[in-house]
Amino acid sequence: MKTDVLVVGAGPAGLLTSIFINKHDVLIIEEHNDVGIPKHCAGFVSKYYAEEIVSITGRDVLDNHYNSLVFHIHNRKYNIYFKDPFIYRINRPLLEHRLADIVYSKNHRIIFNTKGKPTSSLNKVLTKNCEIHCSKIIVADGSNSIFRKHFFKKYKSRLIGIQYIYRSSSQDTNTIHLLFNNLTPDFFQWLAPIDRDSILIGFASRNYFFTPDSIVKHIVKETGVQIGSKVEVFGGIIPFDKPLKQPIIGDKLFFIGDSVPVIKPYTGGGLLNILLLSTALGMSIDNNKPSLYLRIYELIRSRIIYEYIAVSFFKKIGYWIPPRIVYTLYRRNLLNPSDYDNHYRLLTRSLKIVPQLIIEILLDKL
Ligand SMILES: Cc1cc2nc3c(=O)[nH]c(=O)nc-3n(C[C@H](O)[C@H](O)[C@H](O)COP(=O)(O)OP(=O)(O)OC[C@H]3O[C@@H](n4cnc5c(N)ncnc54)[C@H](O)[C@@H]3O)c2cc1C
């Protein structure tokens with residue numbers, strides 16, 4: 001089989017990049033029998049991301065929005081409130097279906113039930129039934145990337161995220177709760193209403209020393225939310241590593257998405273950087289100019305590395321410290337809703353008020 005551009009993986013990275021390729025034939029191979037499965041993502045994004053993605057897919061991919069965020073740090077509550085929504089929830093399976101519709105409308109193809117395997121050639125991918133020959137390969141096979149394992153090292157570390165959807169009738173559908181405690185010391189737990197009838201409860205950690213049930217019980221008790229029956233359980237891997245130094249091999253193989261990874265190290269959010277990079281990668285492929293992709297990639301990578309170093313430090317001394325800093329910035333009117341996306345800027349701003357911060361945090365702890 002032959003194609004100009006072969007994309008491995010029909011997740012957000014593979015689908016979005018394909019949408020931005022206009023001058024070449026694109027073939028996407030996906031190992032599952034549909035897009036959007038298996039589910040693993042919580043779907044929380046910023047206002048900026050929500051607006052950008054809606055302009056591509058239409059509004060129905062948005063499930064809910066939030067203008068209130070409560071940090072629960074060792075049994076104390078810190079509420080951040082903005083008049084307008086600053087966090088949105090994307091319906092991930094629907095997002096992938098809408099993106100796939102656009103892929104088809106561009107006459108690109110998706111073949112399901114087809115797992116791609118790397119070969120020693122940068123122009124060939126192996127599947128169960130055939131070899132696919134192409135001039136460029138886009139590696140978008142997510143956090144279990146076999147291409148990454150083949151061409152580079154494994155991730156330094158990873159978190160296992162577990163999520164539940166419960167029936168729950170809530171009056172307050174616009175508040176997200178984030179909990180920081182010793183049940184998952186290297187990440188946080190979250191509870192967010194999806195709509196009036198259901199809520200999402202989730203958490204992530206490298207190792208689990210408590211049962212998922214006991215963690216859910218704690219989240220429910222701490223937030224005071226009433227839950228009914230369990231509707232769904234799903235989860236996945238959040239890679240924790242610096243992005244690859246070089247995401248392109250021989251101007252033929254391009255890595256994007258969780259295979260890199262380009263997630264925000266503190267929250268594990270990957271969708272924004274995928275959106276930013278997929279536009280650049282699509283243009284790069286169309287114009288045969290890898291430098292276009294590299295320029296944006298380097299910008300994003302340097303910020304992630306800065307955040308990665310800070311997060312590695314906070315993992316050692318206390319994962320709860322950054323939200324406490326964020327709350328202090330909020331109290332001083334130094335927090336902007338757009339900081340949701342820009343942890344780099346947040347970190348730089350918080351460094352300027354370190355002495356006051358330490359005093360405030362210490363006084364709060366006494
Ligand atoms: C628990 C959890 C919560 C998260 N919450 C958020 C959040 O709130 N906000 C946010 O921004 N991000 C979140 N993320 C991260 C986000 O889900 C990822 O960054 C994003 O899904 C990565 O997209 P991707 O296309 O690179 O990979 P994926 O979404 O994993 O897609 C990869 C696709 O490739 C397919 N595939 C894999 N290997 C092959 C192969 N060899 N051949 C063919 N097909 C293959 C897979 O079936 C899949 O369809 C979360 C992740 C987890 C695990």
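Helices (H or I, at least four residues) and strands (E, at least two) are DSSP runs, numbered from the N terminus. With that in hand, select proline 261, which sits in the loop between E18 and H6. A cis peptide bond joins valine 260 to proline 261, with omega about -10 degrees.

Before going on, keep in mind that this is a predicted model, in which local features need pLDDT of at least 70 and side-chain atom pairs count only at pLDDT 80 or more, while totals for chains, interfaces and linings use all residues. Residues are numbered from 1 along each chain as its sequence is written, and side-chain values use heavy atoms, with hydrogens and water left out.

**The domains**

Colour the chain by its domain assignment, which gives domain 1 (2-43 + 91-155 + 243-311), domain 2 (157-239) and domain 3 (320-365); such bounds come from an automatic or database domain assignment. The C-alpha centres of domain 2 and domain 3 are 25 Å apart.

Threonine 267 is partly exposed, at a relative accessible area of 29%, where buried means under 20% relative accessible area, exposed over 50%, and partly exposed in between (1.4 Å probe, protein chains only). Which residues does threonine 267 touch, not counting residues up to four places away in sequence? Show Phe187, Phe188 and His343, which are its contacts, a contact being heavy atoms within 4.5 Å. Then select phenylalanine 44, which is 223 residues away from threonine 267 along the chain, although their C-alpha atoms are separated by 9.9 Å.

**Helix H7**

Follow the chain to asparagine 288, in the loop between H6 and H7. Its phi is near 50 degrees, a positive value in a residue other than glycine, and asparagine 288 counts as exposed at 54% relative accessibility. Most residues other than glycine have a negative phi, and most peptide bonds are trans.

The buried residues of H7 include Tyr293, Tyr297, Ile300, Arg301 and Phe314. Among the elements that cover the buried residues of H7 are strand E16 (230-240), H6, helix H8 (321-331) and helix H9 (343-351). After H7 comes glycine 318, whose phi is positive, near 150 degrees.

Within H7, select arginine 301, which is buried, with a relative accessible area of 13%. Leaving aside its neighbours within four places in sequence, arginine 301 is in contact with Pro243, Leu244 and Lys245. Arginine 301 also forms a salt bridge with glutamate 298, their closest N and O atoms being 3.8 Å apart; a salt bridge is a side-chain nitrogen of Lys or Arg within 4 Å of a carboxyl oxygen of Asp or Glu. Because glutamate 298 and arginine 301 are 3 residues apart in helix H7, about one helical turn separates them. Glutamate 298 is partly exposed, with a relative accessible area of 37%.

Are arginine 92 and glutamate 96 buried or exposed? Arginine 92 is buried, at 10% relative accessible area, and glutamate 96 is buried too, at 5%.

Now select aspartate 241 and arginine 148, whose side chains meet in a salt bridge (3.5 Å, N to O). This pair links distant parts of the chain, with aspartate 241 in the loop between E16 and E17 and arginine 148 in helix H4 (residues 146-151), 93 residues apart. Finally, show Asp60, Arg98 and Asp101, which are linked in a network of salt bridges.

End the tour at helix H10 (residues 354-365), which gives the most residues, 3, to a nonpolar patch. The patch on the surface is formed by Leu351, Val354, Ile358 and Leu362. Isoleucine 358 lies in helix H10 and is partly exposed, at 46% relative accessibility.

Key: Patch = residues over 30% accessible without salt bridge, like charges linked within 9 Å, V, L, I, M, F, W, Y side chains within 5 Å. Areas by Shrake-Rupley, 256 points an atom, 1.4 Å probe, with all protein chains shown as cover.
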